[in-house]
Amino acid sequence: MNAQTPISPAAIPFAVPTSRWDDAVAAKLSPAELLLYRSNLLGSDLTVTNFGGGNTSAKLIEVDPLSGESVEVLWVKGSGGDIGSMKLDGFATLYQHKLLALEKHYAGPDDDDKMVGYLPHCTFNLNGRAASIDTPLHSLLPFAHVDHVHPDAIIALAASSGGEAATLKIWGGKIGWLGWKRPGYTLGVQLRDYVAANPQVEGVMLAGHGIICWADSAKACYEHTVQLIADAANYLNGELGDAPAFGGQVVAPNPDRAGIAADLMPRLRGLMTGARRKVGHYSDDAEALEFTGSAEFERLAALGTSCPDHFLRTKIAPLTLDPLRLQDDGYLAEKLADYRAMYAAYYERCKRANSPAIRDPNPVVVLVPGVGRITFATDKTTARLAGEFYGNAINVMRGAEAIGSYIALDEQEAFDIEYWLLEEAKLQRMPAPKPQVGRIALVTGGAGGIGAATAARLLADGACVVLADRDATAIEEVRAGFAKQFGKDVVRAAVCDVTDEAQVKAAFDLAAREFGGLDILVANAGIASSAPIEETTVALWRKNYDVLAEGYFLTARAAWPLLRRMKEQGGTSVVFIGSKNGVAAAAGASAYASAKAAANHLARCLALEGAPFGIRVNTVNPDAVIKGSRIWDGDWRKERAGAHGIDAGKELEEHYRQRSMLKRDVLPADIAEAVYFLASDASAKSTGNMINVDAGNVQAFTR
């Protein structure tokens with residue numbers, strides 16, 4: 001996200017796709033692999049389809065594992081997959097003759113849900129991948145290869161009052177038109193019958209839904225799909241011309257929009273009541289700024305989205321905010337309450353006798369003129385995708401308005417898709433979320449042993465994490481490793497010296513802007529020094545206090561406004577990484593030990609201040625965490641070995657191991673477990689406490 005994305009007053013053109021097919025690659029592939037290759041090419045090109053959208057199929061000859069005979073099998077993208085990233089196991093495989101035989105069970109549109117229940121009976125070779133609701137669109141057509149996609153340029157035609165006329169103009173009757181019908185068996189029957197009655201067509205526009213087309217080979221089908229999208233994009237770009245979209249710009253992009261988003265998102269997040277915490281995503285891309293700043297913004301935003309794929313991600317309508325009232329918490333609370341009431345009324349108007357219970361009534365999409373688009377969901381990836389889908393919806397509106405009037409989904413149709421029993425069943429099959437999903441953490445000293453181990457522990461259980469460290473190279477290496485392990489959505493890095501107020505503020509602004517706020521602060525950044533009192537310089541003394549006392553103060557103070565916002569969602573947690581030396585006196589380390597003691601007492605003071613806001617503050621006191629520690633890799637190792645009169649090599653580790661009561665090493669992962677406990681709901685009634693993780697040290701017993 002570039003906080004200073006430029007925007008032109010002219011309409012943003014539609015991207016025009018081109019073929020990416022490579023004959024040399026394709027020549028080495030089996031028929032099933034060719035289907036996967038074609039699917040991946042389509043799905044990885046965002047000018048062709050969006051994440052999770054579209055489906056592809058091929059009717060292939062396979063050997064029946066029971067009879068040994070050759071049979072025709074439909075390979076079709078399975079339910080919930082993404083054609084851009086799927087593998088061969090992402091396809092459902094079904095006997096084609098059994099799929100065709102299902103029609104004897106079909107009596108009309110009321111049987112759509114019933115027909116889905118028959119699909120598992122057609123499974124070929126015990127494939128456990130569930131077939132999608134769009135399977136009949138592929139099985140009932142007589143063509144070997146079928147693509148169904150919904151890129152922006154196509155949906156712009158499908159969602160416009162002028163779409164049918166434009167389709168005829170672009171393709172001269174080679175592409176047909178079917179009116180809106182919810183996905184399912186009935187749409188498959190209507191499509192088959194339409195194609196049979198119009199044998200000249202090479203594809204069909206499905207109003208409000210997308211396009212479906214076919215060919216005799218994988219390559220021909222792929223290139224046909226790409227060409228149709230290119231045709232639509234070129235036509236719309238010609239209709240858009242150089243004129244400003246959406247009636248022209250009335251609110252210019254705010255040059256401080258990134259800062260505004262960082263301030264606004266935690267306040268909205270704290271006001272979103274419900275069972276689950278939200279994670280936010282912010283975008284000031286050109287589409288968002290063009291749309292939110294336009295004359296037609298409020299009219300079009302109120303209509304909601306058109307394509308079912310868009311709608312399921314973005315809800316019935318976005319919440320729009322007045323950019324001049326963003327500092328008014330009362331206004332924000334009122335707007336969110338009004339939205340929840342609107343959503344509840346929509347549910348009551350449209351619900352059926354067997355509808356599932358009302359879902360979370362908070363908005364997913366929040367639009368602010370001059371600032372951009374903010375989306376909230378229970379996890380970061382879902383929030384990001386919701387934003388991207390609404391970006392697709394903006395593109396659709398732009399194109400639809402250029403050739404007619406934009407047509408959104410009918411309210412009842414929208415409800416029936418959102419609360420479809422089949423969709424509800426899919427949601428119920430999803431695994432329970434990990435315990436830290438929806439939580440946002442910031443870990444200082446994130447490139448070090450304890451910091452990285454703590455971040456990994458939180459990420460493993462679903463939290464989003466900002467890693468803060470003054471070492472730019474090291475923190476980026478850690479971030480990149482975690483992005484590969486846990487996914488790039490959930491981890492960010494900030495170069496931050498905790499003694500620099502501006503850098504500290506920037507790190508917390510990053511957490512607010514990238515994730516929506518903060519639930520967990522782990523103050524871990526530290527140094528260590530060892531010197532007799534007579535050799536302790538003022539500079540050394542101040543350096544310890546700057547990092548270990550003032551650094552903890554600065555990070556806690558910067559975190560406080562974000563943490564206190566979450567009181568109504570169950571509160572938040574601050575964990576200081578202290579030291580055994582903060583409790584037990586240490587000869588030859590007065591600067592370090594007394595600074596740690598100051599930080600420990602600061603934690604107790606903050607526990608008093610934080611309690612009214614649901615902020616818990618606790619401390620973990622490690623001792624001799626040598627392995628994986630950057631501190632112990634430096635002078636501290638030599639200094640402590642010298643203080644004890646032993647060799648700085650393996651003898652040092654053995655010294656500390658034998659000094660402990662349990663005779664065990666203390667590792668970064670051990671500290672991370674204690675931090676995790678104090679950050680989690682397992683310690684929801686603990687504040688002002690210390691946990692020693694030192695393998696046992698009688699001097700550090702709290703009294």
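R557 is found in helix α21. The model is predicted. R38 lies 519 residues from R557 along the chain. The C-alpha atoms of R557 and R38 are separated by 53 Å.

Helix α21 spans residues 538–563 and packs against helix α22, residues 590–610. Their axes are 8 Å apart and meet at an angle of about 15°. The two helices are therefore roughly parallel, the cut-off for this class being under 35 degrees. The crossing of α21 over α22 is right-handed. On the α21 side, the contact is made by L540, W541, N544, Y545, L548, A549, Y552, F553, A556 and W560. Helix α22 contributes S590, A591, Y592, S594, A595, K596, A598, A599, L602, L606, E609 and G610. By class, the contact holds 16 nonpolar, four polar and two charged residues.

An open sheet of seven strands runs in the order β3-β2-β1-β4-β7-β6-β5. Its pairing is mixed. Strands β3 (91–95) and β5 (175–178) stand at the edges. Each has a single partner strand, so one side of each lacks a neighbour in the sheet. The twist from one strand to the next averages 25°. Within this sheet, β1 (residues 55–63) and β4 (residues 145–149) pair in the antiparallel sense over four bridges. The bridge partner of N55 in β4 is H148.

Helix α7 (residues 163–171) lies across β5 and β6 (203–206). It runs at about 170° to β5. Helix α9 (residues 218–240) touches β4, β5 and β7 (210–215). The direction of α9 makes about 145° with that of β7.

Strand β8 (residues 279–283) is mostly covered, with five of its five residues buried. In a regular strand, side chains alternate between the two faces of the sheet. Both faces of β8 are covered. V279, H281 and S283 are buried on one side, and G280 and Y282 on the other. Strand β8 pairs with β11 (residues 372–377) in the antiparallel sense over five bridges.

Conventions: Residues are numbered from 1 along each chain as its sequence is written. This is a predicted model: local features need pLDDT of at least 70, side-chain atom pairs count only at pLDDT 80 or more; totals for chains, interfaces and linings use all residues. Side-chain values use heavy atoms; hydrogens and water are left out. Axes are lines fitted to C-alpha atoms, for helices over the stretch in contact, and angles run from 0 to 180 degrees between N-to-C directions. Angles under 35 degrees count as roughly parallel, over 145 as roughly antiparallel, 65 to 115 as roughly perpendicular and the rest as oblique. A crossing is left-handed if the near helix is turned anticlockwise from the far one by less than a right angle, and right-handed if clockwise. Contact means heavy atoms within 4.5 Å. Ala, Val, Leu, Ile, Met, Phe, Trp, Tyr, Cys and Pro count as nonpolar, Asp, Glu, Lys and Arg as charged, and the others, Gly among them, as polar. Two strands pair if DSSP finds at least two bridges between them. Buried means under 20% relative accessible area, exposed over 50%, partly exposed in between (1.4 Å probe, protein chains only).
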